[in-house]
Amino acid sequence: MRKLIISLYGLLSAAYSWSANEITLPEGSRPAGLAAGKDGGMYVSSASLGAIYRVMPGSAKGDVFMTASSLGASATLGLGVDERAQLLWACTITGDLVKPTGSALKAIDLPDGRVKASYDLPTGSVCNDLTIGRDGTVYLTDSAQSMLLRLRKGEDRVGVWLKDDRFRVDGAGVATITDGRGTNGITVDGMGAIMVLVSAPGRLFRVPVRWDGSAGMPLEVKLNRPLVQADGLRLWSKRRLLVVEADGGLARIDWVGETGRVQTLAESVGRPSAVVVRNGKAYVTHAKSASVVTDTSVGERPQGNAGVTMFDLPKN
């Protein structure tokens with residue numbers, strides 16, 4: 001009976017959708033990360049207030065799910081949901097964004113919103129974004145030192161997974177979380193590898209995950225145009241990604257092997273930071289709503305406050 005109930009819950013939750021085209025967030029929240037779960041909740045983090053907001057299906061606004069004090073953070077960035085473990089993972093920072101005093105990865109129980117575990121990052125590292133592998137491994141972008149970190153299931157410490165000089169600006173130097181450089185958006189590719197963005201000069205890399213969990217040689221995907229301070233990155237479908245850019249764009253990347261084609265779907269999406277895909281729709285966090293659209297398939301959106309905007313994605 002318990003298995004039957006869980007199966008029915010999965011079917012019902014998979015059908016959840018957010019019907020509002022525009023979802024508002026508290027003023028001054030500066031949305032950063034975005035994640036969606038089968039429990040029907042969409043979660044948005046705040047880089048300015050440190051809180052995490054939850055948007056329930058059918059709602060046009062986000063309500064406080066976790067306060068900054070409950071997270072022990074001054075800023076919260078990347079988010080990701082592990083459905084199997086029923087955990088919301090969050091990148092957090094203490095201090096300010098320019099000169100953080102520390103950074104940690106938080107594991108939050110769903111749906112009750114309790115911090116189950118906290119994992120400090122190595123000294124000098126800043127957790128910007130994250131993605132979750134099929135085996136529960138959490139992969140992180142460290143934007144301060146332009147490298148990739150990871151936390152394997154059952155481990156109690158975040159460690160370095162991959163360093164590569166191509167992830168750094170001009171092969172050297174240390175970036176900050178706010179200057180738009182270094183490793184940033186990250187996602188699984190659904191085929192045994194990790195895709196990662198280097199915000200400046202707008203490059204995309206594919207990193208194979210070897211049988212033992214170690215990182216293979218990163219392959220740069222040569223794009224038809226550079227990405228403009230690319231931020232959020234998520235898998236849309238096989239060999240197809242969605243990315244947001246600092247100039248206000250939502251774009252798709254179709255890639256095969258070593259080449260990829262970038263196509264802008266929408267422009268003037270305020271200052272976008274993250275994107276998720278659910279039921280043929282893209283949800284984008286931004287400092288203000290979209291106003292200009294270049295692809296008529298996604299429709300126009302009015303100006304507004306910080307929040308989340310929904311776009312219908314093209315069928316192919």
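**Notes on charged pairs, strands and a buried serine**

1. Let's start with Glu-220, which counts as buried because its relative accessibility is 13%, and the cut-off for buried is under 20%. Please keep in mind throughout that this is a predicted model. The side chain of Glu-220 meets that of Lys-222 in a salt bridge, with 3.4 Å from N to O.

2. A second salt bridge worth a look joins Glu-245 and Arg-225, whose closest N and O atoms are 2.9 Å apart. This pair links distant parts of the chain, 20 residues apart: Glu-245 sits in strand β19 (residues 240-245), while Arg-225 is in the loop between β17 (219-223) and β18 (230-237).

3. Now to Asp-109, which forms a salt bridge with Arg-114; here the closest N and O atoms are 2.4 Å apart. Asp-109 is buried, with a relative accessible area of 13%, and Arg-114 counts as partly exposed at 45%. Which residues make up the network of salt bridges here? Asp-109, Asp-112 and Arg-114 are linked in it. For the structure as a whole, the count is 12 salt bridges.

4. Back to Lys-222, this time for the strands. Lys-222 stands opposite Thr-259 in β21. Strand β21 covers residues 259-266 and pairs with β17 in the parallel sense, over two bridges.

5. β21 has another partner to check: strand β20 (residues 249-256) pairs with β21 in the antiparallel sense over seven bridges. Asp-254 stands opposite Arg-261 in β21. The hairpin of β20 and β21 has two residues between the strands, and Gly-257 takes a positive phi near 60 degrees there.

6. Finally, have a look at Ser-103, which lies in strand β8 (residues 100-109). Ser-103 has a relative accessible area of 8% and is therefore buried. Leaving aside residues up to four places away in sequence, Ser-103 touches several others, among them Ile-93, Tyr-119, Leu-121, Val-126 and Cys-127. Thr-92 is also one of the residues that Ser-103 touches.

Key:
Residues numbered from 1 in each chain as written. Predicted model: local features only at pLDDT ≥ 70, side-chain atom pairs only at ≥ 80, totals over all residues. Heavy atoms only, no water. Helix = DSSP H or I, 4+ residues; strand = E, 2+ residues; numbered from the N terminus. Buried < 20%, exposed > 50% of the residue type's maximum accessible area, 1.4 Å probe, protein only. Contact = heavy atoms within 4.5 Å. Salt bridge = Lys/Arg side-chain N within 4 Å of Asp/Glu carboxyl O. Pairing = 2+ DSSP bridges.
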